[in-house]
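Please open the structure in your viewer and keep the selection tool at hand.

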Amino acid sequence: MQSVSQFVISRNISGQFAIVKRCKEKSTGTEYAAKFIKKRQSRASRRGVRREEIEREVGILQELQHTNVVALHDVYENRTDVVLILELVSGGELFDFLAQKESLSEEEATQFIKQVLDGVQYLHSKRIAHFDLKPENIMLLDRNVTLPRIKLIDFGLAHKIEAGADFKNIFGTPEFVAPEIVNYEQLGLEADMWSIGVITYILLSGASPFLGDTKQETLGNISAMNYEFDEEFFSNTSELAKSFIKQLLEKDTRKRMTIQDALNHPWIKEDSAAPEAEKKLEQLKTKRLKEYTIQLHSSMPQNNTYANFERFAHVVEDISLMETGLSEVAGSHHTLQGDLEALLSIYNDKEAWYKEESETARKQLSQIHYEFRKVEATRRLLQEDMKAVDASLESIKDQGPEREAALPESNNQQQVC
């Protein structure tokens, strides 16, 4: 392989076994992302990536050429690294982009999910399963356009599914993996469809369907199909959207929607004959989605180097735009004030409710005290009555011998007579 010296390297972000750097081709001035993958130096070593894994990722990327899939421009190698020169995807993550909106319509959501499906359809047409579809790996080529283009990235876990081959593995991100991965069963293209179902669920609600407090709890929820459409999160979501998700979150891979089924689903298909009433036009609030992305970024493992690189680039750009953003902060002050007033109103309502409940509880306690005093008084009267009865019994007992002594004398008198 050739040397990478024909590129000018700038920013970089490190991952576990890879570094992604922004670079510029000297001859053309075109910018790319250079992914340096650290090679494992020996079979005994645990540092670096095995050569066969790198070759698999490179081989798959070399097969791909689609508008919704990141493109591989070239490959280089040196003593320690394999360098992938990739298309520069500079629009950031889809979820970050949508979370910045005040609201989101289902129609907008379907436009992005449709692009994801188009990219996955292309992969599946080549019998390639991504096996790591998640929000961090769904990025935008350029966010500064009317409808940004989706790009699927990170093919480190992708595999070509050979007909009749026995393929099982435990890999992926727990929150998004299919039950067959959790249960170490035969794997195929169906695993990607499950991940799309989880992604759509989160996109529409801001909640993750199977996420638990621990990895083990999350995997247990997936295996047990422990999820629901909570009314708190899905009150403004159409039945068509729920149907789309349910047919993807199907444990039986034979019943789970294929990529073609998903593209033909009435929630996705543009010329769908579904009644307009079934397609809710209400705007979905993105507040929970924003909270989800913040939590995701704060807890994400540092191995998704490409996504980390783009996030770092946007942080730099955001800092440079901070002064111009002050006016937007001032404009949002009114909205924030309204939110604070709403929170204060909720607090006052809760406080009134607690006071009312407290007064009711006080009255009930007072009644209980009154009843208790009555019972105590009755108990004392019973004790006094029992003492009187005991005294009477004792008196009768004392008079018993005298009466017994008087009985013989009475009998003698009767005999004399």
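Select R127 in this predicted model: the residue follows helix α3 and has a positive phi, near 60 degrees.

Now display the surroundings of the helix. Because 14 of the 20 residues of α3 are buried, the helix is largely enclosed by the rest of the structure. Here, buried means under 20% relative accessible area.

Proceed to a pair of helices: select residues 190-205, helix α5, together with residues 239-248, helix α8. Two packed helices are described by the angle between their axes and the distance between the axes. For α5 and α8, the angle is about 150 degrees and the axes are 8 Å apart. Their crossing is left-handed.

Which residues make the contact? On α5, select M193, W194, I196, G197, T200, Y201 and L204; on α8, select A241, F244, I245 and L248. Of the residues in this contact, 9 are nonpolar and 2 are polar, while none is charged.

Finally, select the whole protein chain, which contains 13 helices and 11 strands. Of its 417 residues, 39% count as buried. The chain exposes about 24,600 Å², of which carbon and sulfur atoms supply 52%. Among contacts with a separation of 6 or more, 66% join residues 24 or more positions apart.

Terms used. Residues are numbered from 1 along each chain as its sequence is written. This is a predicted model: local features need pLDDT of at least 70, side-chain atom pairs count only at pLDDT 80 or more; totals for chains, interfaces and linings use all residues. Side-chain values use heavy atoms; hydrogens and water are left out. Buried means under 20% relative accessible area, exposed over 50%, partly exposed in between (1.4 Å probe, protein chains only). Helices (H or I, at least four residues) and strands (E, at least two) are DSSP runs, numbered from the N terminus. Contact means heavy atoms within 4.5 Å. Accessible areas come from the Shrake-Rupley method with a 1.4 Å probe; for residues, only the protein chains shown count as cover. Axes are lines fitted to C-alpha atoms, for helices over the stretch in contact, and angles run from 0 to 180 degrees between N-to-C directions. A crossing is left-handed if the near helix is turned anticlockwise from the far one by less than a right angle, and right-handed if clockwise. Ala, Val, Leu, Ile, Met, Phe, Trp, Tyr, Cys and Pro count as nonpolar, Asp, Glu, Lys and Arg as charged, and the others, Gly among them, as polar.
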